[in-house]
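User: I'd like to know what the labels on a structure really rest on. Can we go through some of them together?

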Amino acid sequence: MKYSLFFLIYVTYASAFAQLPEGFVYVEHAIPDLKVELRYYTSNNFVGSPVKGYESNKLILTEATTKALKLVHEALQKQNLCLMVYDGYRPQQAVNHFVLWARKLNDTINKHIFYPNVKKRNLFKAGYIASKSGHSRGSTLDLTIINANTGEPLDMGSPYDFFGEASWVDFDRITDKQKANRQLLQSIMLKHNFRNYPKEWWHFTLRSEPFPDTYFDFPIK
(Lines give C-alpha, C1' and ligand atoms only; values in the text may rest on other atoms or scores of the structure.)
Protein backbone atom coordinates (compact mmCIF):
# COMPACT_ATOMS: atom_id res chain seq x y z
CA MET A 1 0.00 0.00 0.00
CA LYS A 2 1.17 3.53 -0.74
CA TYR A 3 0.70 6.45 1.65
CA SER A 4 1.46 10.11 1.12
CA LEU A 5 4.66 11.54 2.56
CA PHE A 6 2.47 14.04 4.43
CA PHE A 7 0.57 11.21 6.12
CA LEU A 8 3.73 9.40 7.20
CA ILE A 9 5.35 12.56 8.54
CA TYR A 10 2.16 13.61 10.31
CA VAL A 11 1.54 10.36 12.18
CA THR A 12 5.21 10.10 13.13
CA TYR A 13 5.19 13.66 14.47
CA ALA A 14 1.94 13.07 16.34
CA SER A 15 3.28 9.97 18.04
CA ALA A 16 6.50 11.64 19.09
CA PHE A 17 4.76 14.78 20.32
CA ALA A 18 2.32 12.83 22.46
CA GLN A 19 5.05 10.50 23.77
CA LEU A 20 3.01 7.43 22.98
CA PRO A 21 4.77 4.07 22.82
CA GLU A 22 6.60 3.59 19.55
CA GLY A 23 4.20 2.39 16.88
CA PHE A 24 1.12 4.13 18.33
CA VAL A 25 -0.52 7.36 17.15
CA TYR A 26 -3.41 9.68 17.89
CA VAL A 27 -5.74 8.91 15.00
CA GLU A 28 -7.16 12.46 14.82
CA HIS A 29 -3.85 13.71 13.43
CA ALA A 30 -4.09 11.33 10.47
CA ILE A 31 -7.88 11.36 9.96
CA PRO A 32 -9.04 14.74 11.30
CA ASP A 33 -12.66 14.39 10.15
CA LEU A 34 -13.18 10.97 11.77
CA LYS A 35 -15.99 10.98 14.33
CA VAL A 36 -14.91 9.53 17.67
CA GLU A 37 -17.25 8.71 20.53
CA LEU A 38 -15.33 6.63 23.05
CA ARG A 39 -18.16 5.10 25.03
CA TYR A 40 -15.96 4.09 27.96
CA TYR A 41 -15.00 7.72 28.49
CA THR A 42 -18.69 8.34 29.22
CA SER A 43 -21.48 6.73 31.22
CA ASN A 44 -23.20 5.49 28.05
CA ASN A 45 -21.87 1.94 28.32
CA PHE A 46 -22.70 -1.36 29.97
CA VAL A 47 -20.84 -0.40 33.16
CA GLY A 48 -22.88 2.80 33.49
CA SER A 49 -19.94 5.07 34.37
CA PRO A 50 -16.59 6.19 32.89
CA VAL A 51 -14.03 3.39 32.82
CA LYS A 52 -10.58 3.52 34.39
CA GLY A 53 -7.86 4.52 31.93
CA TYR A 54 -10.13 6.59 29.66
CA GLU A 55 -9.09 10.13 30.55
CA SER A 56 -10.09 11.81 27.27
CA ASN A 57 -12.06 11.19 24.09
CA LYS A 58 -8.88 10.54 22.10
CA LEU A 59 -8.68 7.60 19.73
CA ILE A 60 -5.31 5.84 19.88
CA LEU A 61 -4.34 2.98 17.57
CA THR A 62 -1.19 1.46 16.17
CA GLU A 63 0.23 3.31 13.20
CA ALA A 64 -0.44 0.34 10.90
CA THR A 65 -4.09 0.22 11.94
CA THR A 66 -4.46 3.95 11.44
CA LYS A 67 -3.14 3.71 7.89
CA ALA A 68 -5.64 0.99 7.01
CA LEU A 69 -8.49 2.84 8.72
CA LYS A 70 -7.75 5.98 6.72
CA LEU A 71 -8.25 4.01 3.51
CA VAL A 72 -11.62 2.72 4.77
CA HIS A 73 -12.73 6.21 5.74
CA GLU A 74 -11.76 7.69 2.38
CA ALA A 75 -13.56 4.93 0.49
CA LEU A 76 -16.77 5.56 2.46
CA GLN A 77 -16.56 9.30 1.87
CA LYS A 78 -16.97 8.63 -1.84
CA GLN A 79 -20.42 7.26 -0.94
CA ASN A 80 -21.25 10.25 1.29
CA LEU A 81 -20.64 8.10 4.35
CA CYS A 82 -18.11 8.24 7.20
CA LEU A 83 -16.89 6.16 10.09
CA MET A 84 -17.67 6.63 13.75
CA VAL A 85 -15.43 4.84 16.24
CA TYR A 86 -16.68 3.72 19.65
CA ASP A 87 -13.45 2.22 20.96
CA GLY A 88 -9.87 1.61 19.89
CA TYR A 89 -6.84 1.02 22.07
CA ARG A 90 -8.03 -0.03 25.53
CA PRO A 91 -5.68 0.03 28.53
CA GLN A 92 -5.39 -3.20 30.53
CA GLN A 93 -6.56 -1.23 33.56
CA ALA A 94 -9.87 -0.70 31.78
CA VAL A 95 -10.19 -4.44 31.19
CA ASN A 96 -9.48 -4.99 34.89
CA HIS A 97 -12.24 -2.48 35.65
CA PHE A 98 -14.67 -4.59 33.61
CA VAL A 99 -13.66 -7.73 35.51
CA LEU A 100 -14.19 -6.09 38.92
CA TRP A 101 -17.53 -4.64 37.77
CA ALA A 102 -18.72 -8.04 36.56
CA ARG A 103 -18.17 -9.49 40.03
CA LYS A 104 -20.47 -6.90 41.61
CA LEU A 105 -23.71 -8.71 40.80
CA ASN A 106 -25.97 -6.02 42.24
CA ASP A 107 -24.54 -3.27 39.99
CA THR A 108 -26.89 -3.56 37.01
CA ILE A 109 -27.68 0.08 36.22
CA ASN A 110 -27.59 -0.33 32.42
CA LYS A 111 -28.65 -3.97 32.18
CA HIS A 112 -31.93 -3.07 30.43
CA ILE A 113 -29.99 -1.43 27.59
CA PHE A 114 -26.93 -3.61 27.03
CA TYR A 115 -27.67 -7.10 28.39
CA PRO A 116 -31.42 -7.42 29.08
CA ASN A 117 -31.50 -11.16 28.38
CA VAL A 118 -28.23 -12.19 30.03
CA LYS A 119 -27.80 -12.63 33.77
CA LYS A 120 -24.82 -10.67 35.00
CA ARG A 121 -23.33 -13.70 36.74
CA ASN A 122 -23.13 -15.37 33.31
CA LEU A 123 -21.18 -12.62 31.52
CA PHE A 124 -17.85 -14.41 31.98
CA LYS A 125 -19.17 -17.81 30.95
CA ALA A 126 -20.86 -16.34 27.88
CA GLY A 127 -17.61 -14.66 26.82
CA TYR A 128 -18.79 -11.05 27.10
CA ILE A 129 -16.22 -10.21 29.80
CA ALA A 130 -12.65 -11.54 29.85
CA SER A 131 -9.41 -10.79 31.66
CA LYS A 132 -7.63 -9.91 28.40
CA SER A 133 -8.80 -7.94 25.36
CA GLY A 134 -7.43 -7.62 21.85
CA HIS A 135 -8.13 -3.90 22.17
CA SER A 136 -5.16 -3.63 24.55
CA ARG A 137 -2.85 -4.64 21.70
CA GLY A 138 -3.78 -1.44 19.86
CA SER A 139 -5.00 -2.84 16.54
CA THR A 140 -8.61 -3.68 17.39
CA LEU A 141 -11.43 -1.18 17.19
CA ASP A 142 -15.21 -0.94 17.44
CA LEU A 143 -16.96 1.19 14.86
CA THR A 144 -19.95 1.84 12.67
CA ILE A 145 -20.89 3.82 9.56
CA ILE A 146 -22.66 7.19 9.70
CA ASN A 147 -24.39 9.42 7.18
CA ALA A 148 -21.91 12.17 6.26
CA ASN A 149 -24.64 14.82 6.07
CA THR A 150 -26.59 14.06 9.24
CA GLY A 151 -24.00 12.31 11.37
CA GLU A 152 -26.56 9.64 12.15
CA PRO A 153 -25.36 6.01 12.38
CA LEU A 154 -26.74 3.55 9.86
CA ASP A 155 -29.22 1.09 11.38
CA MET A 156 -27.30 -2.10 12.10
CA GLY A 157 -30.14 -3.96 13.78
CA SER A 158 -28.76 -3.80 17.33
CA PRO A 159 -27.05 -1.16 19.47
CA TYR A 160 -23.29 -1.07 19.89
CA ASP A 161 -22.09 -3.30 22.75
CA PHE A 162 -25.39 -5.18 22.96
CA PHE A 163 -24.75 -8.55 24.60
CA GLY A 164 -26.86 -11.03 22.67
CA GLU A 165 -27.43 -12.88 19.42
CA ALA A 166 -28.89 -9.77 17.78
CA SER A 167 -25.30 -8.48 17.54
CA TRP A 168 -23.99 -11.54 15.70
CA VAL A 169 -23.03 -10.66 12.15
CA ASP A 170 -25.18 -13.40 10.63
CA PHE A 171 -28.22 -12.81 12.87
CA ASP A 172 -31.17 -13.33 10.56
CA ARG A 173 -34.08 -11.70 12.39
CA ILE A 174 -33.40 -8.17 11.16
CA THR A 175 -34.61 -6.24 8.12
CA ASP A 176 -33.05 -6.44 4.68
CA LYS A 177 -31.80 -2.87 5.07
CA GLN A 178 -30.12 -3.67 8.37
CA LYS A 179 -28.48 -6.71 6.79
CA ALA A 180 -27.26 -4.57 3.90
CA ASN A 181 -25.77 -2.02 6.31
CA ARG A 182 -23.93 -4.76 8.18
CA GLN A 183 -22.68 -6.22 4.92
CA LEU A 184 -21.40 -2.82 3.79
CA LEU A 185 -19.37 -2.45 6.99
CA GLN A 186 -18.09 -6.01 6.75
CA SER A 187 -17.08 -5.81 3.11
CA ILE A 188 -15.25 -2.50 3.27
CA MET A 189 -13.36 -3.43 6.45
CA LEU A 190 -12.35 -6.84 5.09
CA LYS A 191 -11.25 -5.22 1.84
CA HIS A 192 -8.77 -3.08 3.76
CA ASN A 193 -7.18 -5.90 5.74
CA PHE A 194 -9.37 -6.13 8.84
CA ARG A 195 -10.97 -9.28 10.22
CA ASN A 196 -14.24 -9.33 12.13
CA TYR A 197 -15.32 -11.02 15.38
CA PRO A 198 -18.53 -12.73 14.18
CA LYS A 199 -20.47 -12.22 17.43
CA GLU A 200 -20.03 -8.43 17.28
CA TRP A 201 -20.84 -6.65 14.02
CA TRP A 202 -18.79 -3.61 15.16
CA HIS A 203 -15.55 -5.37 16.18
CA PHE A 204 -12.54 -5.53 13.83
CA THR A 205 -8.83 -6.32 14.16
CA LEU A 206 -6.07 -5.53 11.71
CA ARG A 207 -4.63 -8.64 10.10
CA SER A 208 -0.93 -9.13 10.89
CA GLU A 209 -1.24 -6.70 13.81
CA PRO A 210 2.16 -5.36 14.95
CA PHE A 211 1.85 -6.34 18.65
CA PRO A 212 0.00 -9.67 18.65
CA ASP A 213 1.29 -10.77 22.07
CA THR A 214 1.60 -7.46 23.95
CA TYR A 215 -1.13 -5.98 26.16
CA PHE A 216 -0.47 -2.30 26.86
CA ASP A 217 -1.66 -0.32 29.88
CA PHE A 218 -0.83 3.34 29.25
CA PRO A 219 -3.89 5.60 29.85
CA ILE A 220 -5.80 7.42 27.13
CA LYS A 221 -5.20 11.13 27.59
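User: What makes strand β2 and β4 a pair?

Analyst: Strand β2 (residues 35-36) is joined to β4 by two bridges. One of the links is Lys-35, with Met-84 as its bridge partner in β4. Before we go on: this is a predicted model, where local features need pLDDT of at least 70 and side-chain atom pairs count only at pLDDT 80 or more, while totals for chains, interfaces and linings use all residues. Residues are numbered from 1 along each chain as its sequence is written, and side-chain values use heavy atoms, with hydrogens and water left out.

User: What counts as a strand or a helix here?

Analyst: Both are DSSP runs, numbered from the N terminus: a helix is H or I over at least four residues, a strand is E over at least two.

User: Which way do β4 and strand β5 pair, parallel or antiparallel?

Analyst: Antiparallel, over six bridges, with β5 covering residues 140-147. Val-85 faces Leu-143 of β5 there. In general, strands of a sheet pair through backbone hydrogen bonds, either parallel or antiparallel.

User: Why are β2 and β6 called edge strands?

Analyst: The open sheet has five strands in the order β2-β4-β5-β7-β6, with mixed pairing. β2 and β6 (194-196) each pair on one side only, and that makes them the edges. For β6, the pairing is with strand β7 (residues 203-206), antiparallel over three bridges. Asn-196 stands opposite Phe-204 of β7.

User: Which strands does helix α6 touch?

Analyst: Helix α6 (residues 176-191) packs on the sheet and touches β4, β5, β6 and β7; contact means heavy atoms within 4.5 Å. The direction of α6 makes about 125° with that of β5. Helix α3 (residues 63-77) lies across β4, β5, β6 and β7 as well, at about 145° to β4. Those angles run from 0 to 180 degrees between N-to-C directions, using axes fitted to C-alpha atoms, for helices over the stretch in contact.

User: How do you know that β4 is largely enclosed?

Analyst: Seven of the seven residues of β4 are buried, so the rest of the structure largely encloses β4. Buried means under 20% relative accessible area, exposed over 50%, and partly exposed in between (1.4 Å probe, protein chains only).

User: What makes a set of residues a nonpolar core, and which members touch the most others here?

Analyst: The set has to be buried Ala, Val, Leu, Ile, Met, Phe, Trp, Tyr and Cys residues joined through side-chain atoms within 4.5 Å. The largest one has 55 residues, and Phe-46, Leu-69 and Leu-143 touch the most other members. Strand β4 (residues 81-87) gives the most to this core, with six residues. Setting aside residues up to four places away in sequence, Leu-69 touches several residues, including Val-27, Leu-83, Leu-143 and Phe-194.

User: Why is the pair of Trp-201 and Trp-202 given its geometry label?

Analyst: Rings of Phe, Tyr and Trp (its six-membered ring) pair if their centres lie within 6.5 Å; planes under 30 degrees apart are stacked, over 60 edge-to-face, and the rest tilted. These two have centres 5.2 Å apart and planes at 85°, so they're edge-to-face. Trp-201 has 3% relative accessibility and so counts as buried, and Trp-202, at 1%, is buried too.

User: What does Lys-120 do around Trp-101?

Analyst: The charged end of Lys-120 sits over the ring of Trp-101, 3.8 Å from its centre. The label needs NZ of Lys or CZ of Arg within 6 Å of the ring centre and within 35 degrees of the ring normal. Lys-132 gets the label with Tyr-215, at 5.0 Å from the ring centre.

Technical notes:
Pairing = 2+ DSSP bridges.
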